[in-house]
Amino acid sequence: MKIFYSEEHRKHYPPFEVFDGGKRVPYYENPDRMDKILSALKKTDWAEFIAPVDFGLAPIYATHDEGYIQFLASAWTEWLASDPEIAAAPEQNAFLPATFALRRTPRVPSTLLGKAGYYMMDLSACIMGATYEAALASANCALNAAQEAVNSQRSAFGLCRPPGHHAGKDYAGGYCFINNASVAANWLSAKGKVALLDIDYHAGNGTQDIFYERDDVLTISIHGDPDYEYPHYVGFADETGAGAGLGFHKNFPLPKDTDDEGYLSALDEAITMIKNFAPNYLILSAGMDTFKDDPLGTFKVTREGFRKIGKRIADLNLPTVIIMEGGYANEALGTNVVTLLENFK
């Protein structure tokens with residue numbers, strides 16, 4: 001299996017995030033995650049690592065608002081220029097908004113902090129000096145994996161960091177800046193029908209936002225019920241698309257402590273929907289935070305559960321673009337990823 005990976009991600013490592021209740025904690029979405037996955041993959045005899053080529057900004061602008069992407073590109077340098085104290089110790093800081101746009105309007109603020117509140121959803125999508133470059137490289141990993149799926153009609157893995165599925169058309173959130181899976185899905189949609197299945201523990205609110213009114217990409221998310229879990233405001237069962245996209249989005253909000261059996265039951269329903277849609281390509285947003293020991297999840301999916309999840313999805317026999325999303329039980333993360341991927345090699 002071809003695995004597209006860039007070392008650029010290491011440049012994005014915020015010194016902290018502001019967690020539930022306002023606690024300042026070490027950044028969960030850190031480079032150690034990639035190291036654990038790389039270590040596990042290098043022990044296999046089927047992983048072929050390839051550096052991504054640059055697709056340019058056109059596929060990203062086709063998915064995200066151009067003003068938002070320009071904000072990501074310039075926010076850090078603007079912030080340093082505005083605050084000499086921060087500029088003196090940039091490695092100790094991360095750029096975050098002070099206010100948030102609770103009711104979205106077309107009016108984008110003119111000030112830097114105003115734009116931050118408009119373009120950022122929460123306090124976990126911390127911007128650093130090379131966050132934009134890391135996010136671009138991550139998106140290119142996804143695009144290269146999509147191109148490989150088209151060229152070979154086989155599955156490929158975008159080992160993406162930062163992850164992407166919480167990033168909407170014009171906002172960052174949940175460690176995500178560019179929606180890698182959505183950028184790849186949109187690019188693939190010119191080649192044929194696309195289904196996007198999100199198996200991350202948290203609802204793929206950004207992906208839902210991007211495709212909610214489209215009927216050429218079927219989007220499905222299996223996740224912790226937003227009644228109790230992040231992102232709280234999106235991911236409910238009655239959100240099924242709008243306009244042309246009505247009926248082309250499906251959420252499976254699941255209760256706390258969902259185990260292998262409960263998860264696989266929802267997955268079987270999702271797989272039936274994908275079969276009925278009959279896509280040419282499948283995008284899999286592969287979050288491993290459904291694992292029973294994940295510090296940011298409440299599900300009880302086991303390693304054997306990941307094997308079964310992977311097999312059922314692989315049995316669709318579709319060229320599948322697997323995109324790395326979340327997963328924070330770092331010691332088990334690499335083995336869990338390999339357990340899933342083995343079904344597609």
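What follows is a chat about the labels used for this model and the values behind them.

Modeller: Ground rules: this is a predicted model, where local features need pLDDT of at least 70 and side-chain atom pairs count only at pLDDT 80 or more, while totals for chains, interfaces and linings use all residues. Residues are numbered from 1 along each chain as its sequence is written, and side-chain values use heavy atoms, with hydrogens and water left out.

Colleague: Why is I3 called buried?

Modeller: Buried means under 20% relative accessible area, exposed means over 50%, and partly exposed is in between, using a 1.4 Å probe and protein chains only. I3 comes out at 0%, so it counts as buried. I3 is in strand 1 (residues 2–4); strands here are DSSP E runs of at least two residues, helices are H or I runs of at least four, and both are numbered from the N terminus.

Colleague: What is I3 in contact with, leaving aside its neighbours within four places in sequence?

Modeller: L41, A47, E48, F49, I50, F157 and L159. Contact means heavy atoms within 4.5 Å.

Colleague: What makes the pair Y118 and Y119 edge-to-face?

Modeller: Rings of Phe, Tyr and Trp (its six-membered ring) pair if their centres lie within 6.5 Å; planes under 30 degrees apart are stacked, over 60 edge-to-face, and the rest tilted. The Y118 and Y119 rings have centres 5.2 Å apart and planes at 85°, so the pair is edge-to-face. Both Y118 and Y119 are buried. With Y68 and F71 they form one aromatic cluster, and the whole structure has 13 aromatic pairs.

Colleague: And how do you know that F248 and F277 form an edge-to-face pair?

Modeller: Their centres are 6.2 Å apart and the planes stand at 75°. F248 is in the loop between strand 7 (217–224) and strand 8 (249–254), and F277 is in helix 9 (residues 260–277), so the pair ties together parts that are 29 residues apart in sequence.

Colleague: How do you know that the charged end of R24 sits over the ring of F16?

Modeller: The rule wants NZ of Lys or CZ of Arg within 6 Å of the ring centre and within 35 degrees of the ring normal. The charged end of R24 is 3.7 Å from the centre of the F16 ring. K250 also sits over a ring, that of F252, at 5.2 Å from its centre.

Colleague: What makes a nonpolar core, and which residues touch the most other members in the largest one?

Modeller: A nonpolar core is a set of buried Ala, Val, Leu, Ile, Met, Phe, Trp, Tyr and Cys residues joined through side-chain atoms within 4.5 Å. The largest has 58 residues, and F71, L72, F95, I127, I178 and I283 touch the most other members. Helix 6 gives the most to this core, with ten residues. Another core, of 51 residues, lies apart from it and includes M34 and L254.

Colleague: Last one: why do strand 4 and strand 8 stand at the edges?

Modeller: Two strands pair if DSSP finds at least two bridges between them. The open sheet of eight strands runs in the order 4-1-5-10-9-6-7-8, with parallel pairing. Strand 4 (48–50) and strand 8 each have a single partner strand, so one side of each is left without a neighbour in the sheet. Further in, three bridges join strand 5 (residues 156–158) to strand 10, and F157 stands opposite I322 in strand 10.
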